[in-house]
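Hi everyone, thanks for making time.

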Amino acid sequence: MNKLIHRGWRPGLVLILLLTLWEASSRVFEVPDWLLPAPSLIWQEAIHGWSQYSHHLFSTIQLSLLGFVIGTSFGLFVAIILHMVPSLRESFYPLIILSQNIPIIVLAPLLVIWFGFGWLPKVIVIVLVCFFPIAVATMDGLKQTNQELIHYMKMAGASNGQIFRKLQWPHAVPSMFSGLKISATYSVMGAVISEWLGANEGIGVYMTLASSSFRTDRVFVAIFFIMMLSLLFFGVISQAEKSLTKWQSKGGDQQHD
Amino acid sequence: MTKLSIERLSKSFGSESIIDNLSLHVNEAEFVSILGPSGSGKSTLFHLIGGLYPPEKGEIYLDEQRITGKRGAISYMPQSSSLLPWRTILDNVLLGAEIAGKRDMETARGMLNKAGLGGYEAAYPSQLSGGMKQRASFIRSLLSPQSLICLDEPFSALDEFTRLEMQKWLLSIWEHYKRSILFVTHNIEEALFLSDRIIVLSNKPAHVQREFTIPFTRPREESLMLTQEFLEWKKTIYNELREFS
């Protein structure tokens, strides 16, 4: 906790300063609320409107979690398969990169045409944005395993399976977590975009309704929750990373002789 | 009794011949050093013994069994400690045994204690000094079920003082466990101090240029290195090495 205060007070101070400036200027210049509501107004809406938007929030959490889990599994699957079979990697890797060059906003309506308004096209959107960072990061981690260690394992008589389980996979875990952290934040974004396409509930729906009725304060509430959700996901993954890669944080500066 | 026997081994990569018609053997509980200029194909020789790739010609026998191109027959300790950074020291020293399918925690703990690594069982390799890592790496070789240990310049990355400590430590451990050891080095003193026999390799393509049987009695003390006889031996081997390069 102390460490958090120690590291967080500078950005915290800047944030408070910016908010104060915003609040003051919107009062001094009498900016209309539909154009740019003051932070205090947004805060009030966030508290009083809870009962109106809470189901939207939970729906988005569910959707992004589902998409994230499927996207992660798919990303790992792709990474391992492409790593194991070099000929597959050569044929599919460029296609995977191409798949990321299609703007999601263009692809999304197509998915709706093909799969309707259910949860399927939405999950596909999230999976598409999630799997790429994980697949690429994990594949790199697997590929960069120290050649000398592989030689050691081979000479010790390890089977390919043992080399993968005991050497390459653990070696790829830190890289995989870099991918996971990016995907975790992308998954919330993917969920909101997919909800714009047409959904009954979700932060994306709430946001579209708010902006079309000029409830700018609600748009900001939505933005706030999207940021919070992304941060929360990021934090959970970071914690998991810390506890799973303890060996990385230890040592280095504390050598013994 | 012959432990390892290498017969007329040849290997080339592309058009470059690395090892040419090389024969040598290691007896039971014998400490044999291979001495040669850098780049003389010593590591290739180990990779061949370890079965990473097959030779063009020649055979390798361990305990009279043919192991040419077969993996998992020897216990290997590479130049860098090559401990897995995500495993604790205890799990690391058990790796060789684990690959073969049997872990013996108690023996491992006992050996770590004897190696002066007691209390570091749960530490990660990054927390250990270079010498300690090499000790752990050697314990890993000892705990592996294979009877022949091949060490590839294990102390070359250490500083002079640590290296001497490690050599004495290796001798004391080896005299206790008496395993057959094939030791690659480019350090003449190290080879003299440790070995029963020294095999001098020629420049590329490598073959056995000469063989010396080292007469010093065991257990050997550090003071041995300063005796006239030791220095004479050093001169002989030095001249032998220089003649060829």
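Let's begin with a salt bridge: B:Glu98 pairs with A:Lys166, and their closest N and O atoms sit 2.6 Å apart. Keep in mind as we go that this is a predicted model. How many salt bridges does the rule find across the interface of chain A and chain B? The count there is 1.

Which parts of chain A supply the side that touches chain B? Helix H7 (147–155), helix H8 (160–196) and helix H11 (246–249) of chain A each bring at least two residues to that side. H7(A) gives the most, with 7 residues. If you sort the side of chain A that touches chain B by class, you get 9 nonpolar, 9 polar and 6 charged residues.

Now for the contact as a whole. Chain A puts in 24 residues and chain B puts in 31 residues. The area buried between the two chains is about 2500 Å², and carbon and sulfur atoms give 64% of that. Within chain A, the residues that lose the most area to chain B are A:Tyr152, A:Met155 and A:Trp247, which together make up 33% of what that side buries.

Let me turn to the rings. Over all chains, the structure holds 18 aromatic pairs. Take A:Trp34 and A:Phe214: the ring centres are 6.2 Å apart and the planes stand at 90 degrees, so this pair is edge-to-face. A:Trp34 lies in the loop between helix H1 (2–28) and helix H2 (39–48) of chain A, while A:Phe214 lies in the loop between helix H9 (203–212) and helix H10 (216–244) of chain A, so the pair ties together parts that are 180 residues apart in sequence. Are these two residues buried or exposed? Both A:Trp34 and A:Phe214 are exposed.

Chain B has an edge-to-face pair as well, B:Phe13 with B:Tyr53, at 5.4 Å centre to centre and 90 degrees between the planes. B:Phe13 belongs to strand E1 (residues 2–13) of chain B, and B:Tyr53 to the loop between helix H1 (42–49) and strand E4 (57–62) of chain B, so to speak 40 residues apart. B:Phe13 has 39% relative accessibility, so it counts as partly exposed.

One last item: ring pairs also link A:Trp50, A:Tyr53, A:Phe58, A:Tyr206, A:Phe224 and A:Phe225 into a cluster. Happy to take questions!

Key: Residues are numbered from 1 along each chain as its sequence is written. Chains are lettered from A and ligands numbered from 1 in the order in which they are written. This is a predicted model: local features need pLDDT of at least 70, side-chain atom pairs count only at pLDDT 80 or more; totals for chains, interfaces and linings use all residues. Side-chain values use heavy atoms; hydrogens and water are left out. Contact means heavy atoms within 4.5 Å. Buried area is the accessible area (1.4 Å probe) that two parts lose on being put together, summed over both. A salt bridge is a side-chain nitrogen of Lys or Arg within 4 Å of a carboxyl oxygen of Asp or Glu. Helices (H or I, at least four residues) and strands (E, at least two) are DSSP runs, numbered from the N terminus. Ala, Val, Leu, Ile, Met, Phe, Trp, Tyr, Cys and Pro count as nonpolar, Asp, Glu, Lys and Arg as charged, and the others, Gly among them, as polar. Rings of Phe, Tyr and Trp (its six-membered ring) pair if their centres lie within 6.5 Å; planes under 30 degrees apart count as stacked, over 60 as edge-to-face and the rest as tilted. Buried means under 20% relative accessible area, exposed over 50%, partly exposed in between (1.4 Å probe, protein chains only).
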